[in-house]
Amino acid sequence: MKPTIIRNRQFYTATNHIRSKQLGATLSKDLREKYGKRNTRVVKGDTIRVMRGEFKGIDGKVTQISTEKSGVAIEGIKREKLKGGNVDIYIHTSNVMITGLNLDDKWRQSRLEGQKAKVATEPPKETPKESPKEVLKSKEVPTKESQKPKEKPKEKPKETPKPKEKTSKPSTKKIKQTKAANQAKKETE
């Protein structure tokens, strides 16, 4: 099977938690330096800039997120219907950049701050080494009880395997099915 077919199948038949992960966008340079992360999932209330497509260069807040449509609706980006009224246009998150984060969610904030690159400001502390006298005291002196040989547990008698019954040759239908399965494996690899 063609790789494009497999890739499309993975996108459009993905489970909900995987579809949610697919709605991630890159962070702006300022946010990358601040949080030490390259990308994150888009959340309602984030400020984003459209980087590609018809609406390139437009900034706005995220008003809705749709995992079904694999995109986000941005305030200010709408299309008129033929019968009148306006409809939100959903833009895929790979075409946008996050310029401002909505940090109302404390879990998200701690998650972002926890990913910072750690800078070593203090040299690592050295642990004091034990003196040779303390090492000798901590070792146990062997006693007569510990020198006794341990008894081995009794082993169960081994059962001899029963001989397998001879089976007839596999039908041609089964051979064709296994060949098809092997070819499918090779194509997916």
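Predicted model: local features only at pLDDT ≥ 70, side-chain atom pairs only at ≥ 80, totals over all residues.
Trainee: Where does aspartate 46 lie?

Mentor: Helices (H or I, at least four residues) and strands (E, at least two) are DSSP runs, numbered from the N terminus. Aspartate 46 sits in the loop between E2 and E3.

Trainee: Is aspartate 46 buried or exposed?

Mentor: We call a residue buried under 20% relative accessible area, exposed over 50%, and partly exposed in between (1.4 Å probe, protein chains only). Aspartate 46 counts as buried because its relative accessibility is 0%.

Trainee: Which side chain does the side chain of aspartate 46 make a polar contact with?

Mentor: A polar contact is a pair of N or O atoms within 3.5 Å; within protein, one must be able to donate a hydrogen and the other to accept it, and residues adjacent in sequence count only if both atoms are side-chain atoms. Here the partner is the side chain of arginine 108, at 3.0 Å.

Trainee: Let's zoom out. How many helices and strands are in the chain?

Mentor: You'll find 7 helices and 7 strands. Of the 189 residues in the chain, 18% are buried. The chain exposes about 17,300 Å², with 52% of that supplied by carbon and sulfur atoms; such areas come from the Shrake-Rupley method with a 1.4 Å probe, and for residues only the protein chains shown count as cover. Take contacts between residues at least 6 apart in sequence: 49% of them join residues at least 24 apart.

Trainee: How do I read a sheet?

Mentor: Strands of a sheet pair through backbone hydrogen bonds, either parallel or antiparallel. We say two strands pair if DSSP finds at least two bridges between them. In this chain, 7 strands form an open sheet with mixed pairing, in the order E2-E1-E7-E3-E4-E5-E6. At its edges are strand E2 (39-41) and strand E6 (86-91), each pairing on one side only.

Trainee: Which strand pairs with E3 over 3 bridges?

Mentor: That's strand E4 (residues 59-66), and the pairing is antiparallel. Two partner pairs to look up: isoleucine 48 bridges to glycine 60 in E4, and arginine 49 bridges to aspartate 59 in E4.

Trainee: And how many bridges join E4 to E5?

Mentor: There are 4, and these strands run antiparallel. Look for glutamine 64, opposite alanine 73 in E5. E5 and E6 are antiparallel too, over 5 bridges, with lysine 78 bridging to aspartate 88 in E6.

Trainee: What should I look for in the hairpins?

Mentor: Check phi. The E4 and E5 hairpin has 4 residues between the strands, and serine 70 takes a positive phi near 55° there, in a residue other than glycine. Serine 70 is buried, because its relative accessible area is 16%. In the hairpin of E5 and E6, with 5 residues between the strands, glycine 84 has a positive phi near 105°.

Trainee: How do I spot a nonpolar core?

Mentor: It's a set of buried Ala, Val, Leu, Ile, Met, Phe, Trp, Tyr and Cys residues joined through side-chain atoms within 4.5 Å. The largest one has 18 residues, and those with the most contacts inside it are Ile48, Val50, Ile74, Ile77, Ile91, Ile98 and Leu101. E5 gives the largest share of this core, 3 residues.

Trainee: Where is valine 50 placed?

Mentor: In strand E3 (residues 47-50). Valine 50 counts as buried because its relative accessibility is 1%. Beyond four places in sequence, its contacts include Phe55, Ile58, Ile74, Ile77 and Ile91. Isoleucine 74, leaving out neighbours within four places, touches residues including Ile48, Val50, Ile89 and Ile91. Finally, valine 50 and threonine 93 are 43 residues apart along the chain, with 8.9 Å between their C-alpha atoms.

Notes: Residues numbered from 1 in each chain as written. Heavy atoms only, no water. Contact = heavy atoms within 4.5 Å.
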